[in-house]
Amino acid sequence: MRIRHLFLATIFWLCYHSYAQNKQLLYDFTDIPQSLMVNPGVKSDFQWYAGIPALSGISFQAGSSGITVNDIFADDGLDINDKVRDRAINGMNIRDELSGTYQLELLSGGFRGRNPDYFYSFGIYNEGDAIGYWFRDYAILAYEGNADRLNQEFDLSHLKTRGEMVNVFHFGINKRMNNQLVVGARGKIYSSIFDFNSTRNKGFFVTREGQNNLLASTLDADMKLRTSGISELEDAEDNGNLASTVMKRGFFGGNLGLGLDLGFSYNLNEQTVVTGSLLDLGFIYHSNDVQTYTLNGAATVEGIEVILPDALSDPDADFWQDLVDEVEALVPFEDDTKGYITFRPTKLYASIRRDFGEQLESREICDCNTVVKGGNGARYRYANSFGGQLYMINRPRGPQTALTAFYLRRFGNVLTAKTTYTVDKFSYSNIGLGVSLQAGPVNLYFMADNLLAYRNVADAHYASFQLGLNIISWGKN
């Protein structure tokens, strides 16, 4: 199978079976170094940490906002064709979002500077992101045809999709301004492996009664598909060096871009903390291995027209080719290799947290002999926390939002657990659980979302997990 066909099939499978990239369990989970990746301004007490390569941060979300496997294949006595028509073709609408992501840390580390108010982090991770909205009119046209839908305009703007695979090289600085405020920033270099996007389509297709024939079909289209990296990967597959080509494009051999993360944590008082972060304020300029396909124009045809007796004067006339040439002249399909810019899917996090219960001494090194409630010393950590979080991500049809309530419990310095309840457009019953285990310097964490869905996985709209393995030092016992 050609890689372009495999690529398209894989992407649409991922779009259909993937969920959005909210990391509400990891956010503000300060016992885990990877919490710096969702808020570079998080309050941390590490002296240094090192992630186990390729194991320090793994995350994946999969699901569907519209229908589930059970909706189509359940043994409920209904005809499967009826279920496809009623629940998928006609049951989903154009705002049903089919999106997802995965992330794999290749290298991760951080260390505190000579000035203990500064903490530096760095690393490399591979990320894939894809989104597709339900192309309802296309599905209706393909499934039912247009014979019984005269005068109905099929909207070409229903096709909105984008996706990419990219390596991200990053370096961050976390600065404790005073005992109340911590700020952070992270610079990023993006190395794109491949990209595709088709998000600004418009036009329609309609069939009406004709004048010279029974029916007349009109196509008015302004459509564009932009890709980069696909042709090179296709050639690499043919030549048997696909893996090395992916590595080359991921390590500065593809298209490059720049990005920025910003974040903060602020203590309103000793036990109340507000946080916020803005991630992936960035872009990628695609100039290498670019292919852009456009369909732009308008045409009305009434099929093959054979006008007698004039048609008999040229018995070798190819009426079908004449029709094809006429349509291509009016609605030309073109491709070019001009460069283009894509902007990263920017994400926003915010939270408020209330700490209470048993006071645990901070493990960070500070210029103080005791833990204090004011000044520039380290703060107490508390055994219990609860609060709320907000998440937003920029998407082609507007922002996607989620609200989360959470409770966090520390059992000494060995075990920390966080449970969440999240509400978004996908679910009103998403309960998640994250656990961080500290065995000496070894940190192991695992997180899973939508736990109630595991009672019937086939009827789940999504499932997700995150896990990682780190070595952490606090510089003191």
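Beyond its neighbours within four places in sequence, Phe 29 is in contact (heavy atoms within 4.5 Å) with Ser 35, Leu 408, Thr 416, Lys 418, Gly 434, Ser 436 and Met 447. The model is predicted: local features need pLDDT of at least 70, side-chain atom pairs count only at pLDDT 80 or more, and totals for chains, interfaces and linings use all residues. Residues are numbered from 1 along each chain as its sequence is written, and side-chain values use heavy atoms, with hydrogens and water left out.

Phe 29 and Met 447 are among the residues with the most contacts inside the largest nonpolar core, which has 14 residues. A nonpolar core is a set of buried Ala, Val, Leu, Ile, Met, Phe, Trp, Tyr and Cys residues joined through side-chain atoms within 4.5 Å; buried means under 20% relative accessible area, exposed over 50%, and partly exposed in between (1.4 Å probe, protein chains only). At least two residues of this core come from each of strands E16 (381-393), E17 (400-411) and E20 (442-449). Helices (H or I, at least four residues) and strands (E, at least two) are DSSP runs, numbered from the N terminus. A second, separate core of 11 residues includes Ala 88, Met 92, Phe 154 and Phe 205.

## Aromatic rings

There are 13 aromatic pairs in the structure. Rings of Phe, Tyr and Trp (its six-membered ring) pair if their centres lie within 6.5 Å; planes under 30 degrees apart count as stacked, over 60 as edge-to-face and the rest as tilted. Tyr 49 and Phe 119 are stacked, at 6.1 Å centre to centre and 15° between the planes. Tyr 49 belongs to strand E1 (residues 48-51) and Phe 119 to strand E4 (residues 118-133), 70 residues apart. Tyr 49 is buried at 4% relative accessible area, and Phe 119 is buried at 1%.

Two rings have a charge over them (NZ of Lys or CZ of Arg within 6 Å of the ring centre and within 35 degrees of the ring normal): Arg 409 lies over Phe 411 at 4.7 Å from the ring centre, and Lys 418 over Phe 406 at 4.8 Å.

## Ser 191

Ser 191 is in strand E7 (residues 181-198) and is buried, with 0% relative accessibility. Its side chain makes polar contacts (N or O atoms within 3.5 Å; within protein, one must be able to donate a hydrogen and the other to accept it, and residues adjacent in sequence count only if both atoms are side-chain atoms). One reaches the backbone oxygen of Arg 249 at 2.7 Å, another the backbone nitrogen of Phe 252 at 2.9 Å.

## Salt bridges

The structure holds 17 salt bridges, each a side-chain nitrogen of Lys or Arg within 4 Å of a carboxyl oxygen of Asp or Glu. Glu 232 and Arg 249 form one at 2.6 Å, N to O. Glu 232 lies in helix H5 (residues 230-239) and Arg 249 in helix H6 (residues 242-253); both residues are buried.

Arg 186 pairs with Asp 261, with the closest N and O atoms 3.0 Å apart. Arg 186 is in strand E7 and Asp 261 in strand E10 (residues 255-269), so this bridge ties together parts 75 residues apart in sequence. Arg 186 is buried at 1% relative accessible area and Asp 261 at 0%. Both belong to a salt-bridge network that also includes Glu 127, Glu 164, Lys 188, Asp 280, Arg 344 and Lys 347.
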